[in-house]
Amino acid sequence: MDKTDYLFLRAIRKEPVGRTPIWIMRQAGRYLPEYRALREKYDFVTVCKTPELATEVTLQPLRRFGFDAAILFSDILVIPEAMGQELQFLEDHGPKLSPAVRTENDLDGLSTEAVTDKLQYVADAVRMIRSEIDGKAPLIGFSGSPFTLAAYMIEGKPTRHFRHIKAMLYKNPAFLHRLLQTLAKTITDYLKMQIEAGAQAVQIFDTWGSILPIHLFDEFSGQYLKQIAYELQDLKVPVILFSMGGIDHLIQLGDSQAQVLGVDWHTDLAQVKKLLHSEYALQGNLDPTVLYGSKEIISREVERILSLFRNESGHIFNLGHGILPDIPIENVEFLIEEVRRLSEAFH
Ligand code: CP3
């Protein structure tokens, strides 16, 4: 197959498609028995750092379901680790980064040199995955957004209220901007590295953009997302911006150089379509918890989303956030069948 002819890439360019492409965020993960089996033998960070294992896990959901795109298996927190923070995943608790970055001294102590050198294992995984899936599916690379990485780096551990980064937003915005600018540069280099190694699209996850009030979103997250998309445009690979926080945040991204906006499950896709589909392809946005529901409910929700794009290209079906670890696998299978069946009828 011509490398540019994948349904996923055609939909991004809004070329005609016979059906809607689908992949899902966190498609490689604990809801898959084959992933859990591999994790009995290796811890999560080892899987990320071993290209053979990262490749195997990336391929697992493709083998089982034939998704229309693969996403590199890694984590957004490999960047803070490469900058010098210690990364641990606490069982049932989430990620911990230490020491937390709170002072100018902490910031000065972060390494910015050679971060991409330390992350060569990611480039190796990208090359290995590409050699396995070429002709079958395109590969998506990814990174966290500057603001999302800053939130993890500053908080250091899972948090409900994001007290530290939010206090900093108001008490010492210059400090926060210094960190965000450093991260924007590092993320740009990191995504360039993934693209040069073979990633055919990249997604930037701005999960914690959602904690910003709308009047501060552009200043602390949006402008950095746009800076990265601008810097990547010469590489001619589509950029997907996934920012949690609803339509107000997406509107702020309206003037970016990205090609796709990821729409979270809170957001009214019909409204986003009305306001932003002329400029962007849209990705999303099934509520992941619909997959706890019955077949009838899954079908109804899939149809509701697909009917917004009847006879139109420019939509990539996805969940509106990552799949949860206890989702029944047969419901994922059914979801994919339904997206294929119903979207074929719509096109
Ligand atoms: O989508 C994919 O299949 C690719 C792999 C991927 C992972 N994390 C694997 C992972 C991607 C794209 C991510 C992104 C990521 N990581 C985000 C942004 C997306 C989002 O969900 O908002 C964030 C915020 C993280 C940080 C992170 N990593 C958290 C909070 C956790 C712990 C929570 C949890 O689910 O356990 C992780 C760990 C993680 N990253 C796992 C996986 C498969 C689970 C690790 C395991 O126990 O096996």
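In helix 10, the residues Ile165, Met168, Leu169, Tyr170 and Lys171 meet Pro173, Phe175 and Leu176 of helix 11, where contact means heavy atoms within 4.5 Å. The residues of this contact divide into 7 nonpolar, no polar and 1 charged (Ala, Val, Leu, Ile, Met, Phe, Trp, Tyr, Cys and Pro count as nonpolar, Asp, Glu, Lys and Arg as charged, and the others, Gly among them, as polar). The axes of helix 10 (residues 163–171) and helix 11 (residues 173–197) come within 6 Å and cross at roughly 115°; axes are lines fitted to C-alpha atoms over the stretch in contact, with angles from 0 to 180 degrees between N-to-C directions. Helices (H or I, at least four residues) and strands (E, at least two) are DSSP runs, numbered from the N terminus.

The model is predicted, with local features needing pLDDT of at least 70 and side-chain atom pairs pLDDT 80 or more, while totals for chains, interfaces and linings use all residues. Residues are numbered from 1 along each chain as its sequence is written, and side-chain values use heavy atoms, leaving out hydrogens and water.

Around the ligand are 21 residues, of which Arg26, Arg30, Tyr35, Arg39 and His321 come nearest (a residue is near if one of its heavy atoms lies within 4 Å). This shell divides into 13 nonpolar, 4 polar and 4 charged residues. An N or O atom in the side chain of tyrosine 35 is 2.5 Å from an oxygen atom of the ligand, a polar contact being a pair of N or O atoms within 3.5 Å. For arginine 39, a polar side-chain atom lies 2.7 Å from a ligand oxygen atom.

Technical notes
Polar contact = N/O pair within 3.5 Å; in protein donor to acceptor, adjacent residues only side chain to side chain.
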